[in-house]
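My entries follow in the order I made them.

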Amino acid sequence: MAAQTQRAVLAGGCFWGMEELIRRLPGVTATRVGYTGGDVPNATYRDHGTHAEAIEILFDPERTDYRTLLEFFFQIHDPSTKNRQGNDIGLSYRSAIYYVDDEQKRIAEDTIADVDASGLWPGKVVTEVEPVGPFWEAEPEHQDYLQRYPEGYTCHFPRPGWRLPARTEG
């Protein structure tokens, strides 16, 4: 019998590019974009208050794991820029990990420590690590955006040769 699907919620700038890249990972079974981590109930694109643009990921733990998702997340966006990715500036574009349980929190903190120790980014990680809250699904025109508009805007790119080493305890 297969293990149940697990959930991850990540924010790293404009949700279009994140969704397009993450959806391709082996073991990812579904994605949807939306708003989370803020103060407005029933958030929308025009009224999302302090929410971040985020992606909800369902994945098969027999084919991938949370750490692998986080390593890719840190590869495709710059976690050392506060409230910004590319040309997108503002609280909506912050880097954040919304954990669903204590194990995800532990893995997130450990992965961030590895990113900081690696020197792969020009500064320290500013990614927020917060418990998951309500996730408000974005409007239909934002779902699967780059599937419908392949030449559409994105500020997320896989970085060739980028590999996160585990830090050594010293």
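Entry one, a helix pair. I looked up how H1 passes H2 and found a right-handed crossing; a crossing is left-handed if the near helix is turned anticlockwise from the far one by less than a right angle, and right-handed if clockwise. The model is predicted, so I note that local features need pLDDT of at least 70, that side-chain atom pairs count only at pLDDT 80 or more, and that totals for chains, interfaces and linings use all residues. Residues are numbered from 1 along each chain as its sequence is written, and side-chain values use heavy atoms, with hydrogens and water left out.

Helices (H or I, at least four residues) and strands (E, at least two) are DSSP runs, numbered from the N terminus. The axes of H1 (residues 15-22) and H2 (residues 66-76) come within 11 Å and cross at roughly 135°. Axes are lines fitted to C-alpha atoms, for helices over the stretch in contact, and angles run from 0 to 180 degrees between N-to-C directions. That angle makes H1 oblique to H2 (under 35 degrees counts as roughly parallel, over 145 as roughly antiparallel, 65 to 115 as roughly perpendicular and the rest as oblique).

Which residues make the contact of H1 with H2? I listed Met 18, Leu 21 and Ile 22 of H1 and Phe 72, Phe 73 and Ile 76 of H2, where contact means heavy atoms within 4.5 Å. I sorted these into 6 nonpolar, no polar and no charged. For this, Ala, Val, Leu, Ile, Met, Phe, Trp, Tyr, Cys and Pro count as nonpolar, Asp, Glu, Lys and Arg as charged, and the others, Gly among them, as polar.

Entry two, the next helix pair. I found H2 and H3 packed at an angle of about 40°, with their axes 10 Å apart. H2 and H3 are therefore oblique to each other. H2 passes H3 in a right-handed crossing. On the H2 side I noted Tyr 66, Arg 67, Leu 70 and Phe 74, and on the H3 side a list including Gln 104, Ile 107, Asp 110 and Val 115. The contact of H2 with H3 divides into 7 nonpolar, 2 polar and 3 charged residues.

I read the order S7-S6-S1-S3-S2-S8 in an open sheet of 6 strands with mixed pairing; two strands pair if DSSP finds at least two bridges between them. S7 and S8 (136-137) are the edge strands, each pairing on one side only. H1 packs on the sheet, touching S1 (6-12), S2 (28-36) and S3 (52-59), and its direction makes about 170° with that of S2. H2 lies across S1, S2, S3 and S6, running at about 170° to S6.

S2 and S3 run antiparallel, joined by 8 bridges, and Thr 31 stands opposite Ile 57 in S3. S2 also pairs with S8 in the antiparallel sense, over 2 bridges, with Gly 34 opposite Glu 137 in S8. S6 (residues 95-99) and S7 (residues 128-131) pair in the parallel sense over 4 bridges. In S7, Glu 130 stands opposite Tyr 98, and Pro 131 is the bridge partner of Tyr 99.
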